[in-house]
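Hi,

Here's the structure I said I'd pass along.

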Amino acid sequence: MIETARRSDLLPILLESYDLTARESEVVLLLSRGLPTKEIAAELCISAHTVNDHIKVIFSKVGVSSRGELVAKLFSEHVIEPFHEQVVHL
C-alpha cells in the first residue's frame, strides 16, 4: 500500500537530500530551535569551534549564508510552499 509520507518522515528525507551527515542534521535541528553555538556545543558534547565548522559545511551544502536563511529556506521552500499550493486555488 502506498500512502502519503507523515510530516515526521519528511524532515529526515529533506536533510538527506542536501547530503547532510547525521551530525550536521543534528546541528540543523538545534539551529532551527534558535540555540547559540555554545549551547549547541554543550548539547552535542563538542567544541564551539567544531560546531562552527559544521555550520560552514551545512551552509555550503544547502546554499545559504546565515542561520536565518537556513531556517527560512528549509521551512518556506519545503513546508510553506506546498501548503500554499494546497490552500490557494487559482
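Going from the N terminus, the elements of the protein chain run α-α-α-α-α, which comes to five helices and zero strands. Keep in mind that this is a predicted model.

On the overall numbers: of the 90 residues, 27% count as buried. The chain exposes about 6400 Å², with carbon and sulfur atoms supplying 58% of that. Among contacts between residues at least 6 apart in sequence, 50% join residues at least 24 apart.

Now the inside. The largest nonpolar core has 20 residues, and Val28, Ile40, Ile58, Leu70 and Leu74 have the most contacts inside it. Two or more residues each come from helix 1 (7-17), helix 2 (22-32), helix 3 (37-44), helix 4 (48-62) and helix 5 (67-87). Helix 4 gives the most, with five residues.

Then the charges. The count comes to two salt bridges. Lysine 61 is partly exposed at 30% relative accessible area, while glutamate 24 counts as buried at 6%.

The other joins glutamate 26 to arginine 23, their closest N and O atoms being 3.1 Å apart. These two sit about one helical turn from each other because they are three residues apart in helix 2. Glutamate 26 is partly exposed at 34% relative accessibility, and arginine 23 is partly exposed at 29%.

Cheers

Key:
Residues numbered from 1 in each chain as written. Predicted model: local features only at pLDDT ≥ 70, side-chain atom pairs only at ≥ 80, totals over all residues. Heavy atoms only, no water. Core = buried A, V, L, I, M, F, W, Y, C linked by side-chain atoms within 4.5 Å. Buried < 20%, exposed > 50% of the residue type's maximum accessible area, 1.4 Å probe, protein only. Helix = DSSP H or I, 4+ residues; strand = E, 2+ residues; numbered from the N terminus. Contact = heavy atoms within 4.5 Å. Areas by Shrake-Rupley, 256 points an atom, 1.4 Å probe, with all protein chains shown as cover. Salt bridge = Lys/Arg side-chain N within 4 Å of Asp/Glu carboxyl O.
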